[in-house]
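Keep the picture open beside you as you read.

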Amino acid sequence: MKWVDYIQPSTLDDALGLLKKHGEKAGILAGGTDLLVLLRAKAKSSDIIVDIKNIAELNQLDFDKKTGLTIGAAVPCYKIYNDSNVKKYYPGIIDSASIIGGTQIQGRATLGGNLCNSAPSADAVPGMIAMGVTCKVAGSNGVREVPVEEFCLAPRKNILKPDEILVSLNYPAPKPNTGSRYIRFIPRNEMDIAVVGVGVYVELENNKFKDLRVSLASVAPKPIFVQEAGTSVVGKEVNEENINLAALKAKEAAKPITDMRGTIEFRKHLSEVLTKRALQTAIERAKESV
Amino acid sequence: MNAKVHVQTKINGENVDFLCEPRQSLLECLRDIIGLTGSKEGCNDGNCGACTVVFDGRIVTSCLVLGVEAQGKEITTIEGIASSEGLHPIQEAFLENAALQCGICTPGFIVATKALLDHNPNPSEYQIRFWLANNLCRCTGYDKIVFAVQDAAGRLASSKK
């Protein structure tokens, strides 16, 4: 790694000033599990590392029954899955946060960083899309709110401008009769990149789907939102036939490539099977939800 | 002007000051500046876990932490596991169960195991394997490491009685 300066601003305004000054030459450091690897591999070049872990807004982990959950972009995975409100109201977040890397990586890596890294296989992102999470993005021109499904554009590309920073992720308030789930297929038991990842969210009413959202990772240049899965079954009975129908829509929406992790056919097959399984768990969670 | 940074930190209970370049990893600082060479460099990208240390109460791969981030933090390395009276029960269990061959991964495994048993004194085999998934060993095939962790858990439980 070439010489790089390091600074740890203590306010969001200071951080934004640094980003405005250095633009693309500023590397934002939260957990560092992507940034430091990229810098060392010379896949990214930064003149200055801006460590955001001292900024209050980025360390928020606040829950309110009316407004939902706010996770600051610098909060590491282990703090998220050990949080009592996350455990009680958002088990779907734990599905992702507890399988990103291994224990050591989870000690540093953040969900915000997983989103900003914008890998097509990002484990945290399908769950966010399914749960309807919005991102709070701050820049020198002010703050904007962006739904997660609009955040990623292509592998390692997203909507953040060089002078902008992801501040936090806002999860909607928990509702009764709702459940979410993230699962992925990997050839090992842990520590691997998803061949396919599926995040789902359901809201049930009188044994019917009031809402259903499916998102897939590793089947397109970015994690995708499968709107047709929802429109095909909303208002219909919660039964195997309709679960299979939503899963079929996920398979149809998957546009994967063949690479060393899997073929097009295998990934399309996985999209269907994993969606089915994820929906089954999400439905169970919805029935148990508070 | 490229200036080194003065870092004040606490390692294995002692106050430590060092000068480093901002680009240097905590692992480089521990090994090459401070002289604590117990933490090993395997992959240098967070996969192998040979450089595992406790940083701010949580295990991390020290290759993916910058030395400058250690300012004001508390760190425990493999050198902080044994006491003046002798080896830690986890170290004894690794030796007696032959849970190492070449040994380069062992410091990372022992630091990670201590963190596991501090947090969960009686883990299942699945929990042990899941917790240690970020530590790679290319010699043992892992079974002996799992046996050593289970043995260590038993030793620690009986020493508390």
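## Ground rules

This is a predicted model, in which local features need pLDDT of at least 70 and side-chain atom pairs count only at pLDDT 80 or more, while totals for chains, interfaces and linings use all residues. Residues are numbered from 1 along each chain as its sequence is written, chains are lettered from A and ligands numbered from 1 in the order in which they are written, and side-chain values use heavy atoms, with hydrogens and water left out.

The size of an interface is often given as the accessible area lost when the parts come together. Chain A and chain B bury about 2,500 Å² between them, 60% of it on carbon and sulfur atoms; buried area is the accessible area (1.4 Å probe) that two parts lose on being put together, summed over both. On the chain A side, A:Trp3, A:Arg40 and A:Gln104 lose the most area to chain B, and together they make up 32% of what that side buries. The contact (heavy atoms within 4.5 Å) involves 31 residues of chain A and 32 residues of chain B.

Eleven residue pairs are in polar contact between the two chains, both residues being at pLDDT 80 or more. A polar contact is a pair of N or O atoms within 3.5 Å; within protein, one must be able to donate a hydrogen and the other to accept it, and residues adjacent in sequence count only if both atoms are side-chain atoms. Sorted by class, the side of chain A that touches chain B has 14 nonpolar, nine polar and eight charged residues. Here Ala, Val, Leu, Ile, Met, Phe, Trp, Tyr, Cys and Pro count as nonpolar, Asp, Glu, Lys and Arg as charged, and the others, Gly among them, as polar.

The rule also finds two salt bridges across this interface. A salt bridge is a side-chain nitrogen of Lys or Arg within 4 Å of a carboxyl oxygen of Asp or Glu. A:Arg108 forms a salt bridge with B:Glu69, and a network of salt bridges links A:Asp51, A:Lys53, A:Arg108 and B:Glu69.

## Domains within chain A

Chain A is divided into domain 1 (5–51), domain 2 (56–171) and domain 3 (178–288), with bounds that come from an automatic or database domain assignment. The C-alpha centres of domain 1 and domain 2 of chain A lie 18 Å apart. Their contact takes 13 residues from domain 1 and 19 residues from domain 2 of chain A. Between them, these two domains of chain A bury about 1,300 Å², 67% of it on carbon and sulfur atoms. A:Leu12, A:Leu16 and A:Thr33 supply 36% of the area that domain 1 buries against domain 2, more than any other three residues.

How many salt bridges does the rule find across the interface of domain 1 and domain 2 of chain A? The count is zero, and two residue pairs are in polar contact there, both residues at pLDDT 80 or more. Helix H1 (residues 12–22) of chain A gives the most to the domain 1 side, with four residues. Helices (H or I, at least four residues) and strands (E, at least two) are DSSP runs, numbered from the N terminus.

## A closer look at A:Asp95

A:Asp95 sits in helix H5 (residues 91–97) of chain A. Is A:Asp95 buried or exposed? A:Asp95 is buried, with a relative accessible area of 10%; buried means under 20% relative accessible area, exposed over 50%, and partly exposed in between (1.4 Å probe, protein chains only). A:Asp95 and A:Tyr182 are 87 residues apart in sequence, yet 5.6 Å apart in space, C-alpha to C-alpha. A polar atom of the A:Asp95 side chain lies 3.0 Å from the backbone nitrogen of A:Tyr182.

## Salt bridges side by side

Side chains of opposite charge can pair when their charged atoms come close. The structure holds 23 salt bridges over all chains, and the table shows some of them.

| Pair | N to O distance |
|---|---|
| A:Arg108 and B:Glu69 | 2.8 Å |
| A:Arg144 and A:Glu164 | 2.7 Å |
| A:Lys210 and A:Glu203 | 3.7 Å |
| B:Arg155 and B:Glu92 | 3.7 Å |

In the A:Lys210 pair, A:Lys210 is partly exposed at 43%, whereas A:Glu203 is buried at 7%.
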